[in-house]
Amino acid sequence: MKRRGYDGVAVCAPISVPYRRYSVDSAHWWVGRALYAMTQRTGLKPTDLDGLSVSSFTLAPDTAVGLTQHLGLSPRWLDHVPMGGASGGIALRRAARAVQCGDADFVACVAADTNHVDSFRKTLSSFSRFAQDAVYPYGSGGPNASFALITRHYMNRTGATREDFGRICVAQRANAQRYDGALMQKPLTLDDYMCARAISDPIHLFDCVMPCAGAEAFLVCREDDARSLGLPFARVLSTIERHNAYQDDPIQFRGGWAVDRDDLWSVAGIGPDAVDFLQTYDDYPVIVMMQIEDLGFCAKGEAPAFVRAHTLTTDGDFPHNTSGGQLSAGQAGAGGGYLGMVEAVRQLTDQAGDTTVPDARIGLVSGFGMINYDRGLASSAVLLARA
Amino acid sequence: MNARPAATSALAVFAAALAGGTIRVIDLTHTLTPEFPTIVMPPELGQCAPFRMEEVSRYDERGPAWYWNNFSMGEHTGTHFDAPIHWVTGKELADNAVDTIPPVHFLAPACVIDCSAESTANADFVLTIPFVEAWEAKHGRIPPRAWVLLRTDWHKRPPREYVNLLDDGPHSPGPAPAVVRWLVEHRDVHGFGTETIGTDAGQAAHFTPPYPAHHYMHGRGRYGLQCLANLDQLPPTGALLLTAPLKIRQGSGSPLRVLALVETPP
Amino acid sequence: MTEPLIRPRRKDPLRKTREPLLPQGIRSRTAFGLTAAAAEGRFALQVCTDCGCILYPPRDACSRCLSGRVPFRDVPSGGVVLAETTIRTSTDVYFRERTPWRIGTVALDCGPSFVAHLHGDVAEGARVRMTLRLDKSGNAVAIAMPDTPTEHQEDDVQLRELTCDPKFRRVLITDGRNATGQAMVRAIATAGASIVFVGLADPWKPFPGEAALREIPGVEVVSLDITDSQSVADTAGEIAHRVDILVNTTEHPRIGGIMGRHGLTVAREEMDIRYFGLLRLAQHFGPTMRARGADGVNAAAAFVNLLSVHALMNWPLYGAFSAAEAACLSATQALRAELRSGGVKVLNMFAGPLDTEWFQSVPPPKLSPAALATATVDALRKGIEDAYVGDVAQDIRARLDVQPKALERELGA
């Protein structure tokens, strides 16, 4: 069956609640701050939000349902998207269909996590059943160790070097210096990157994100409603989602994007050349390279050459992770899965301030999440366009 | 009933002698410890339980203000008393168990026959009638109903030499069959006591009958005392033994405290 | 090549003893299938009964055909290391003080990929042999071993966290009087133990082999009667802080059933020597061993019980004996839980009748004390928890798996 487009759907009200390294507040508090900012921005009352999509790792023992009572909301459409780094795109594509079909009018999509002093360890040790059974007992290196194995294998297969990964990190730090919300703004040189201490070889300090507390949110509604509220919006050209792709690959070398990318481009009716900026999920630079390849910007295994041949800063020829990505902005738990989406909406609605990519008309936001055992399982991608 | 004047009461005289030190009490008992050897039997046969002690509490959460123990052992562990019922030859006798023996039998004089030199020279030393007759020539005839105690100084030996197990079993001194029978039939002794682990010699299994001290003494309603200590502190004659076993129903014997009363010449 | 272990220096008695920490021990119920295999030194994964697919990590349905029939089966253990990493920082307190720590992704020949600990002699791209071992938390982990053994491979620091190798450890053999105890002393001394304490009860009672026993290098005879609480307490007071491995060789096999036993004297001895003996050892040596579970190269590692395989199913010919052994088995399970917080393992060596005077009338096959001792050293080196030594023990184990009721009837026939 031919897929329907997302005609009439508007993505607006990009909200970023400033991150903090550690927070004594709860995830509920962070969700509350984001939704409060959304009501301030849009003029909607809390009860006008008849749709809610929540992504968070630290709400326990509550769920999205409990959150409605906690926050006094009464949505007629409620979603919980526990998909980590793929949450932003997946929350959007579900919300888009809800407003397109009239099941809801205003869906607030929010991702928020707190970060207490010991939150990260606790999250790791109980992240998934497979993590508990088959990952954490093996050195408890967390995602650093898991991605070290994936990175090492990728380097063996493609000849990628640490310098290649360093280019991505250094460019993102440059972008972060233009983004007030980034936790890490200190300039980073390739030399700094190369000389950083090893965390889990070949992963070194600047390959790793810094866990933090924070919240990101956006509003999905119909274009006419956005107009009547006076909200600048972006349109949705195409979306994809995939889970547990290529399960027979002995180690992760590609993600679900490669399965669905033809679909992504054909629904949008454009190709990679049409994209003005790319927001990837960058928990580790190796995953950025896989996204560049698997989304079709270059052939498989050629991302190292690609990043050598392009400038990835906001003002470069391939603007990438224009707010610094998680590597510089920080990883606010599930908020990391929204970071690129919120930044893309800002870019396409002229709200990006110092990080603005000139004349950007089309952006691609890619997500990746949930390293359940040895690899990330969830992938998503969304093509957004200026209205 | 009128009490006799204190000064003339035999017990009062006795008590005064005790208090005055002219009668001394000598302890012939080994301390009960887990390490003290028990008789060794072939391992497929039933064994005598060694002394064991388990603390019940010691001013702690098991009993805050008091210290006490439970202990366990066999009837023939440590310094102990053998009742006639212990041996098959005495099983049909009247009053043959520790609970039915007339209490008066727990007080009796003792004759101490010193074989320490002979035993030191020969671990398999066997007491004979001539040896006892020679002793009587020196110390007088053994009176009826007296204990005969075999002094060997065995109690001074360290455990390994005390049990003295060689590759053909234990080697320790004891009486010949004839002398035991003679002591019972011709001297009407009260019982036979030794420092060793049994009243019989270590190799007495090879005697005829085997274990003659047990065979004849218990067969005639006489008693045994084993694992005695300090016999070297007793005079050849004149000591009075206090040998009350625990009152165990149908008990074949019992660990006990053996006390000797010895009069010091004025 | 693995750097050979060097004999640890004598410990500065004023130094703080490192507290034992454990890697995380939480597992799904299904994952205990791996622990069951590791406990016996086997490499087993789930195999789909319907499509034959081999599965890892443990799961509750076949990830190829969705069948629910996915039992654990022994599978080929060969594989190739696709990628390795050296973890240098860890959020976990146990690993944090053991970094750097190497792990790798191993593509198993039989199918799944396995993120595993890497032996130091294993490099990226190498062929490996995967083994399941019990970590300090008592749960299964895999370590990729060199495909062909390398020199001193048992000394690898990551491997040694998973094993109880007697090398440079101080071992207490509780009873040196019997044939098993003497064979154990020889095997443990040969395996490189730095001291072999040998317990002797009733030192006044000579026994065959005594002189030879005392002459074995490294042997220190200690007075120990495990039927005497005070003796156990006294000896533990002297040496418990230096006992890294305890092997209880005190035995008391006696023929005879329950009904015809004529009183309780022998049964009481059996329980006193075996069951209460185990409790006394546990009470007086256990706490110190548990506290020393991370005390360097010669940290306390194992409490070893030699059990009759008839602890698992009564052999009426030796009925009371079997029952006492069953009591011991049950106690070892409690002890295992209690020692786990120190990372100290409880090894149960299940044996059939031994070739000793106490099984004189039992027809062969019988297990020689030397074979039991050798198997014990092997089990310690592998860090396994349950070993079935010899033909009879393995036969009983297999028959228990198939049909326990049949075994009960047949043993009583």
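Keep in mind as you look around that the model is predicted.

Along β4(A), the residue opposite A:Ser55 is A:Ala111.

Stepping back to the whole chain, chain A has 14 helices and eleven strands. Its C-alpha atoms fill a box of roughly 55 × 45 × 45 Å along the principal axes. How does the radius of gyration of chain A fit with a compact globule of 387 residues? Such a globule would come out near 21 Å, and chain A has 19 Å, so the two agree.

Now for a pair of helices. In chain A, α1 (residues 27–42) packs against α2 (residues 64–71) at an angle of about 65°, and the axes are 11 Å apart. The crossing of α1(A) and α2(A) is right-handed. On the α1(A) side you'll find A:His28, A:Val31, A:Gly32 and A:Leu35, and these meet A:Leu67, A:His70 and A:Leu71 of α2(A). Sorted by type, the residues of this α1(A)–α2(A) contact are four nonpolar, three polar and no charged.

Chain A can also be read as domains. The assignment gives domain 1 (9–118 + 213–233) and domain 2 (122–210 + 234–386) of chain A. Their C-alpha centres lie 23 Å apart. Where they touch, domain 1 of chain A puts in 36 residues and domain 2 of chain A puts in 41. Which elements give two or more residues to the domain 1 side of this contact in chain A? They are β1, α3 (87–101), β4 and β7 of chain A. Of these, β1(A) gives the most, with nine residues. The domain 1 side of chain A divides into 21 nonpolar, ten polar and five charged residues.

Chain C has its own division, into domain 1 (32–160) and domain 2 (170–411). The C-alpha centres of these two domains of chain C are separated by 31 Å. Their contact takes eight residues from domain 1 of chain C and nine residues from domain 2 of chain C.

Last stop: the place where chains B and C meet. Chain B brings 13 residues to the contact and chain C brings twelve. On the chain B side, the elements giving two or more residues are β2 (52–60) and α4 (159–163) of chain B. The largest share, four residues, comes from α4(B). By type, the chain B side that touches chain C has eight nonpolar, two polar and three charged residues.

Notes. Residues numbered from 1 in each chain as written. Chains lettered and ligands numbered in written order. Predicted model: local features only at pLDDT ≥ 70, side-chain atom pairs only at ≥ 80, totals over all residues. Axes fitted to C-alpha atoms, helices over the stretch in contact; angles between N-to-C directions. Left-handed = near helix turned anticlockwise from the far one by under 90°. Contact = placed C-beta atoms within 7 Å. Nonpolar A, V, L, I, M, F, W, Y, C, P; charged D, E, K, R; others polar. Pairing = 2+ DSSP bridges. Domains from an automatic or database assignment. Rg over C-alpha atoms; globule rule 2.2 N^0.38 Å.
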